[in-house]
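Biologist: I would like to learn how to read the sheet and the aromatic rings in a model like this one. Could we take the features in turn, with the general idea before the case?

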Amino acid sequence: MVTEDEEEEAKKKIGAKVRVKVPVKVYHVPRVAEELDLCGLEGEVKQYVNLWKGRRVSANLPYKIQFVHSGGVKFFAHLREDELEFLD
């Protein structure tokens, strides 16, 4: 089970501004034909998926981050904490 402190700490991270600090390539961005390197891109934490209904789950990439690419194209990527720099 997850303690209340752990759950509160996870809730604080939702909505935080982050920057990707390592090279991560994704291939699923709409209207972008080639791969996209996320290194240096800033986004917002939309979900922390290591907690589900008060229980810990073993998500390999627990942070769901929303990015906005040029032209206003929004997309999500799942990343680890060591790949992110929290800006807030």
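Biologist: In what order do the five strands of the open sheet lie, and is the pairing parallel or antiparallel?

Modeller: Strands of a sheet pair through backbone hydrogen bonds, in either a parallel or an antiparallel sense. In this predicted model, the order is β8-β7-β4-β1-β9, and the pairing is antiparallel. The edge strands, each pairing on one side only, are β8 (73-79) and β9 (84-86), and the twist from one strand to the next averages 40°.

Biologist: Over how many bridges do strands β4 and β7 pair?

Modeller: Strand β4 (residues 42-48) pairs with strand β7 (residues 63-69) over five bridges, in the antiparallel sense. Gln47 stands opposite Lys64 in β7, and Lys64 also lies over the face of Phe76, at 4.6 Å from the ring centre.

Biologist: How many aromatic pairs does a search of the whole structure find, and how should I read them?

Modeller: The description of a pair of aromatic rings rests on the distance of the centres and the angle of the planes. The search finds three pairs, among them Tyr63 and Phe86, which are edge-to-face at 5.9 Å centre to centre, with 70° between the planes. Because Tyr63 lies in strand β7 and Phe86 in strand β9, this pair ties together parts that are 23 residues apart in sequence.

Biologist: Is Tyr63 buried or exposed?

Modeller: Tyr63 counts as buried, at 1% relative accessibility, whereas Phe86 is partly exposed, with a relative accessible area of 29%. Tyr63 and Phe86 form one aromatic cluster with Tyr48, and Lys13 lies over the face of Tyr48, at 5.8 Å from the ring centre.

Methods: Residues numbered from 1 in each chain as written. Predicted model: local features only at pLDDT ≥ 70, side-chain atom pairs only at ≥ 80, totals over all residues. Heavy atoms only, no water. Pairing = 2+ DSSP bridges. Helix = DSSP H or I, 4+ residues; strand = E, 2+ residues; numbered from the N terminus. Axes fitted to C-alpha atoms, helices over the stretch in contact; angles between N-to-C directions. Phe/Tyr/Trp six-rings, centres within 6.5 Å; stacked < 30°, edge-to-face > 60°. Buried < 20%, exposed > 50% of the residue type's maximum accessible area, 1.4 Å probe, protein only. Lys NZ or Arg CZ within 6 Å of the ring centre and 35° of its normal.
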